[in-house]
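Please open the structure in your viewer and keep the selection tool at hand.

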Amino acid sequence: MSSAKKLNGKEKLQKVISTIQGNRYLQSVTSGLASTLAIMVIGAFSSLLGSMNIGDYQKWIAPIRSYIELPVNFTTNLVAVYAAFTIGYSLTKSFKLNGMQGGLTSLLSFMLVTPVANVTISKNPTTVLPFQWLGAAGLFAAIIVGLISARLYVYIVQHNWTLKMPAGVPPMISNSFAALVPTIIVAILFTIVAIIFSKTPFGSLHQAVYGLIQTPLTHLGNTLTATMIVIFMMQLLWVLGIHGGMVGISIMSPIWTAMTLANLKAFRAGQPRPYIIGGLSSFVMITPMLGLVICLLFFVKSRQLKTVGKLGAPGALFGIHEPLIFGLPIVLNAYLAVPYILAPLACLLISYISVRTGLIPVDMGMQVPFGTPVILDQLLRGSWKYVVLELALIPVCTLIYYPFVRAYDKSLLANEKKAVEAEEKNKN
């Protein structure tokens, strides 16, 4: 293949990936779900504190356990509600329109398609809103409704189907009236959607989305093969100079989030956690690069690698890898491309086997914020065994990187030696 054809092929690939990266809908989902992280962290820790079974801990907290677990009902058990708003907000903002109104319209649309239940409380017939579809089970419906309702809102506003107030009316009042017609139209449409699905065998939009989309995708995402393909593609894209994490996470974030929340729900109920894969990403994102850092700090002689290693080591402890990726560089580097792809795959495979064989527990569903340093990240996930595995994976990754780093180091050392000789020759 000629160099012109290779260049053309690379440009086409970059164009496709850039299209995915810049897709406002994927970005809105990723941004919207990321906005709920603080809420999910609160719910996860509330679950952990209320469900730990160590010694007499449960006896000690028995009088206040209901208060300890109170945040769960209004955090993880309502995550779909928050996601509907944040996704609608993000998408509307991407069109340079009023994100608050777009988010509220999405939230309203989500509530309209959420089924209610008629119950009797103290002999009084009452209509209630069950938590069934407000948490993890309703997450994919929240994503779909959030995107569609916000996009409809944007379309209506862009076509000026709005009420315009006279000059001099305060902006807050004017914005509210401007959103009135779009919100009414979207609300009517989703009311019709709710009615249509109530007449189907599914009974509701939520049940249809959960049965036809969320469950199959989550089961697919829980397979080792599918996850290894995703990790491989993410690493390969980084080697080609494309932000693989942004592309991969944009696609997988809803699936991994649904798995994590399902595991958290099972953990609280004392039931077997159903999904292995969701929590294994923590062993893939930080640990492999720590193996590279060790090689750079202790096994190289070239000034370039020593310098980059010292500069990149602190950030690598917190999952910040850009100084290493672009400083070495790893991008388009024939020496480091292979271990950069292999190390995360090895971590994924070993951690998967460790869970399957019972060496470490299945993910408890604990959400840990990005940037949490190594060791602490696994402690916060709820088990010291996670820490042991993370520490054990670091030397594995070091061994994977070692021969490639040494070969690269020899090449750079030879170039540095030639540069020094040339400089001395010029002086003489």
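A pocket, as the word is used here, is an open set of grid points with protein on both sides within 12 Å along at least five of seven lines. The model on display is predicted.

**First stop: the largest pocket.** Select Ile249, Ser281, Met285, Val368 and Phe370; of the 47 residues lining the largest pocket, these lie nearest its centre. The volume here is about 1,400 Å³. Next, colour the elements that give two or more residues to this lining, among them helix 2 (24-35), helix 3 (37-51), helix 13 (224-239) and helix 19 (337-356). Helix 14 (244-269) also belongs to that group, and with 8 residues helix 14 gives the most to the lining. Colouring by class will show 25 nonpolar, 18 polar and 4 charged residues around the largest pocket.

**Second stop: the second largest pocket.** Select Ala136, Ala137, Leu261, Ala262 and Lys265, which lie nearest the centre of a pocket lined by 23 residues. The volume is about 510 Å³, and the lining divides into 12 nonpolar, 9 polar and 2 charged residues.

Now select helix 12, which spans residues 205-221, and find histidine 206 within it. Is histidine 206 buried or exposed? Histidine 206 counts as buried because its relative accessibility is 1%, and buried means under 20%. Finally, display the residues that histidine 206 touches beyond four places away in sequence, including Phe110, Val113, Pro115 and Trp133.

Technical notes: Residues are numbered from 1 along each chain as its sequence is written. This is a predicted model: local features need pLDDT of at least 70, side-chain atom pairs count only at pLDDT 80 or more; totals for chains, interfaces and linings use all residues. Side-chain values use heavy atoms; hydrogens and water are left out. Helices (H or I, at least four residues) and strands (E, at least two) are DSSP runs, numbered from the N terminus. Buried means under 20% relative accessible area, exposed over 50%, partly exposed in between (1.4 Å probe, protein chains only). Contact means heavy atoms within 4.5 Å. On a 1 Å grid over the protein atoms alone, a cavity is a set of points where a 1.4 Å probe fits but cannot get out, and a pocket is an open set with protein on both sides within 12 Å along at least five of seven lines; lining residues have an atom within 4 Å of a point. Grid points are joined across faces, edges and corners, and a volume is the space filled by probe spheres set on the points. Ala, Val, Leu, Ile, Met, Phe, Trp, Tyr, Cys and Pro count as nonpolar, Asp, Glu, Lys and Arg as charged, and the others, Gly among them, as polar.
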